[in-house]
Amino acid sequence: MSPEKMVRMANQIATFFKTQPKEDAPARVASHITDFWEPRMRAQLRDYVEQGGDGLDPIVVQAARLT
Amino acid sequence: MKDFIIPPMDWKDERDMGTPAKVGAPVTLSIDGFDVTVPEGTSVMRAAAEAGIQVPKLCATDSLDAFGSCRLCVVEIEGRRGTPASCTTPVAPGMVVRTQSDSVRKIRKGVMELYISDHPLDCLTCSANGDCELQDMAGAVGLRDVRYTAPDGGGLANHFAARNTSGEANPEWRPKDDSNPYFSYDASKCIVCNRCVRACEEVQGTFALTIEGRGFDSRVSFGAKTDDALASDCVSCGACVQACPTATLQEKSVIEMGTPDRAVVTTCAYCGVGCSFKAEMQGDQLVRMVPYKHGKANRGHSCVKGRFAYGYASHKDRILNPMIRDRISDPWREVSWDEALGFAAKKMRGIQAEYGQKSIGVITSSRCTNEETYLVQKLARAVFGNNNTDTCARVCHSPTGYGLGQTFGTSAGTQDFDSVEHTDVVIVIGANPTDGHPVFASRLKKRLRAGAKLIVIDPRRIDLVKSAHVKAAHHLPLRPGTNVAVVTALAHVIVTEGLMDEAFIRERCDWDEFQDYAAFVSDPRHSPEANELLTGVPSAELREAARLFATGGNGAIYYGLGVTEHSQGSTTVMSIANLAMLTGNLGRPGVGVNPLRGQNNVQGACDMGSFPHELPGYRHVKNDDVRDLFKSVWGVEIDSEPGLRIPNMLDAAVDGTFKGLYCQGEDILQSDPDTKHVAAGLAAMECVIVHDLFLNETANYAHVFLPGSTFLEKDGTFTNAERRINRVREVMKPRNGYADWEITQKLANAMGANWSYMHPSQIMDEIALTTPSFAGVSYTVLEEKGSVQWPCNEAHPDGTPLMHVDGFVRGKGRFIVTEYVATDEKTGPRFPLLLTTGRILSQYNVGAQTRRTENVVWHEADLLEIHPHDAENRGINEGDYIKLASRSGETSLRAKITDRVSPGVVYTTFHHPDTQANVITTDYSDWATNCPEYKVTAVQVSPSNGPSEWQEDYAAQAAQARRILPAAE
Ligand code: SF4
Ligand code: SF4
Ligand code: SF4
Ligand code: FES
């Protein structure tokens with residue numbers, strides 16, 4: 001998938017969990033991504049974070065380490 | 001007419017009882033010396049019928065309230081003067097009724113004599129011969145001669161002769177109205193019993209028919225005098241045809257073929273209402289579909305699609321032989337089943353050998369049966385060895401699964417359709433039931449006419465907002481994409497004005513989470529006033545709507561794809577669940593959260609484990625215990641990682657890691673967003689197997705075509721929007737040779753599986769074995785009970801009409817904070833308008849079926865609805881060809897100028913492939929589920945003089961890809 005699309009999808013997830021009252025957004029983003037993203041997509045996300053994670057929400061960057 | 005009916009009718013009585021059933025305290029009376037006990041309010045006619053005594057009748061039928069016009073049903077009642085009509089006389093305790101006596105016999109004969117004096121006596125050649133109540137009643141009352149004659153010199157005093165014996169035209173005679181493609185209206189046979197008019201009002205709720213004129217001049221009319229049936233308000237539901245006791249309103253198929261000789265009860269394969277029908281047959285030919293009186297979803301009613309639009313099953317476009325080709329630029333070659341399946345299996349296994357186990361997958365369809373869907377996902381999981389299975393429900397109701405799962409703990413509507421009869425305030429949000437779910441709409445309108453209040457939340461002024469005898473209390477015409485803001489504002493009003501049901505929340509929900517939620521919604525930034533500019537909804541109206549919903553009694557919410565198909569689809573579903581919990585509207589009749597499912601088996605497709613992350617029964621593949629259970633039954637290890645969803649499959653295909661697809665009953669090229677991207681994904685695959693009735697658009701990119709069977713040609717089950725598992729029955733043998741479940745089994749076996757199902761009932765047994773909510777379901781149970789609503793298991797042997805009665809499936813209900821987040825899809829100078837999409841009554845989904853029926857008379861092309869103001873600015877006139885462009889692509893279609901849409905919003909349907917509305921839609925999607933954002937696209941509209949370049953290229957490619965080589969001799 002195109003990096004822009006992946007960034008947008010991941011950020012959308014972060015945007016939702018950031019609005020939730022509990023302070024565990026990175027963990028919840030990570031668990032959402034592990035539950036619904038196929039391993040190829042997760043690998044792409046991790047690689048992207050390795051390479052700087054341009055445009056990703058900081059919560060996604062934290063979450064990617066947990067996936 | 002004596003029907004031979006499968007299943008045998010001993011479990012339900014199909015007689016016409018004359019007047020509707022009542023509920024009430026028992027009343028005992030005596031009829032012809034027999035004691036009969038019936039509920040209070042029952043008519044004497046129905047009480048007699050319960051005792052097995054049929055009182056002659058013409059104007060009464062048990063789907064309609066009694067009318068009392070024909071006086072054929074008169075009886076004698078001890079202590080009462082005269083001879084009251086039994087249909088309009090309610091029972092009373094101790095009443096003594098005689099249904100036969102010399103005097104009533106005389107009256108009845110007189111009545112019949114009058115009727116027959118103005119009726120042609122051509123019974124032998126009449127289309128209703130054998131199925132005519134007038135004929136039956138003439139026999140029942142012993143009518144032997146008709147003494148009336150035309151008055152001397154007064155000309156003809158009848159309605160049935162076109163000319164008198166001297167050849168003069170009869171001014172009372174009317175020619176047949178054949179304008180409707182499915183039924184004809186022959187006024188010469190009308191007895192003016194009013195049943196059709198009442199059916200149109202009471203059952204359908206359209207009010208298209210009236211009785212015009214008085215006395216001898218009175219006749220049935222389709223509205224204004226010039227109107228024929230087709231030009232009138234009639235929506236062709238057929239209720240009047242079914243109610244008509246004579247040949248006046250008659251199905252054209254019966255006129256052509258004659259009366260049927262057997263009937264099989266089955267389920268409509270169109271929308272998620274899941275109406276039950278009797279397929280009435282002559283041999284293996286379908287004569288007509290008649291809604292089944294005991295169908296619990298439809299209670300004897302139907303819409304134009306289910307009743308009439310079955311012609312596609314025998315359409316000439318249907319493909320009946322398997323076909324293959326090496327390249328999509330080649331023409332198709334017809335081959336044997338063995339060759340096609342061998343070719344497909346070899347290609348798929350070859351791809352896996354080269355690109356890995358996860359390089360192929362399946363797409364199941366919400367149009368297929370539960371058993372077929374179960375097999376297709378099993379094919380991916382047990383034979384391909386991966387979880388790459390998705391369903392077209394991805395693109396419609398996946399947010400419902402996620403949102404309701406998070407809040408209530410299960411992904412399903414909470415009520416049955418009967419529940420609407422107990423509701424006081426209804427919110428309809430992002431749904432257009434009169435077009436999308438017509439039979440539910442009729443039931444809803446009936447309740448609204450009886451006084452329930454309606455709140456419509458929709459960018460368009462849908463028909464429910466104002467139509468005959470129905471008017472919404474509030475219409476909140478929001479800007480597309482602002483659902484969350486509007487629903488949260490409703491909650492704001494309810495919480496800040498203290499209108500919530502605190503007792504319910506304390507008992508049934510997580511109180512801490514409620515505190516967080518209450519604090520969140522109370523924030524002034526969620527007030528209707530603060531959101532007015534954003535949502536376009538007047539704040540005063542929104543406040544009134546919130547108060548009405550919170551305080552108006554039983555409140556029910558019905559929603560459709562206008563909720564789910566957004567970037568915030570899942571969030572909106574959660575906000576709806578919040579609203580229901582907040583007002584205590586769960587767990588009893590008349591309330592609840594009710595997703596209206598688009599296609600017939602969306603619910604079932606979700607239940608059956610079509611999604612890549614969960615096995616049947618909504619259990620995540622990561623759970624060891626669930627995988628172990630399936631391993632013990634299937635004998636193979638199941639992958640613990642989620643598979644690819646449809647959009648992910650296409651992305652992976654473009655990236656080169658996904659190469660083979662088995663797509664059953666689904667046309668992703670036409671139905672999925674961003675057509676160009678879908679086409680690129682399909683074109684990048686090495687083996688696309690399409691299993692369908694027709695060479696659909698996706699098949700243009702396919703290498704293997706497996707011809708499918710229609711719902712008339714196979715056994716199985718569909719699960720409708722109320723979780724009701726209904727039987728689909730084989731009424732004729734598959735024209736393509738095999739039922740679809742057999743084809744999937746053959747493909748699996750060609751790939752090395754060893755499946756040996758002999759009948760779909762065995763597949764259901766396996767579903768019951770592995771899926772707790774289906775544990776009590778079997779074909780035997782369905783045969784016995786007609787249908788059941790899941791969960792159906794040891795705790796609920798009769799199924800579960802209402803969910804969450806004593807507690808939520810997940811325990812405590814969860815309130816979830818629902819912050820509005822604007823979609824990235826924004827209007828701007830280049831694309832200043834918002835496009836939203838929907839469907840219309842006569843067509844269904846991508847139209848593959850309905851376009852191949854006479855339904856095209858109502859909708860021959862997709863049109864773009866645009867507000868007069870926006871049209872004028874652009875120099876666009878009614879009917880002009882216009883260009884519709886978004887950042888994804890452009891297409892062209894004709895304009896329809898209407899103020900049903902607000903300024904700034906345009907609307908179209910997606911039923912026709914040559915329009916390709918999805919060339920315009922983008923790849924934006926719901927944050928949680930990737931459900932595409934069909935309902936909001938920024939567009940520009942401008943005059944045009946013909947098809948866009950894409951449309952022309954596409955048409956050329958399609959023509960090329962559809963070539964079939966003549967079969968080798
Ligand atoms: S077909 Fe339906 S809508 Fe049309 S006149 Fe008959 S009952 Fe009314
Ligand atoms: S058309 Fe049929 S149902 Fe209607 S009034 Fe005439 S006979 Fe009765
Ligand atoms: S399309 Fe829907 S409403 Fe119409 S008959 Fe079929 S199931 Fe019923
Ligand atoms: S059936 Fe009772 S009056 Fe017609």
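Predicted model: local features only at pLDDT ≥ 70, side-chain atom pairs only at ≥ 80, totals over all residues.
Q: What makes a run of residues a helix here, and what span is expected of a helix?
A: Helices are DSSP runs of H or I with at least four residues, numbered from the N terminus. Residues are numbered from 1 along each chain, and chains are lettered from A in the order in which they are written.

Q: Which residues of H3(A) are called buried, and why do they lie on the same side?
A: Buried means under 20% relative accessible area, with a 1.4 Å probe and protein chains only. Met41(A), Arg42(A), Leu45(A), Tyr48(A) and Val49(A) are the buried residues of H3(A). They cover an arc of only 125 degrees around the axis, which puts them on the same side of H3(A); the arc is that of the directions from the helix axis to the C-beta atoms.

Q: Why is Glu50(B) called partly exposed?
A: Partly exposed lies between the buried limit of under 20% and the exposed limit of over 50%. Glu50(B) has 44% relative accessibility and therefore counts as partly exposed.

Q: Which residues does Glu50(B) touch, leaving out those up to four places away in sequence?
A: Contact means heavy atoms within 4.5 Å, and Glu50(B) touches Met17(B) and Val38(B).

Conventions
Heavy atoms only, no water. Helix = DSSP H or I, 4+ residues; strand = E, 2+ residues; numbered from the N terminus.
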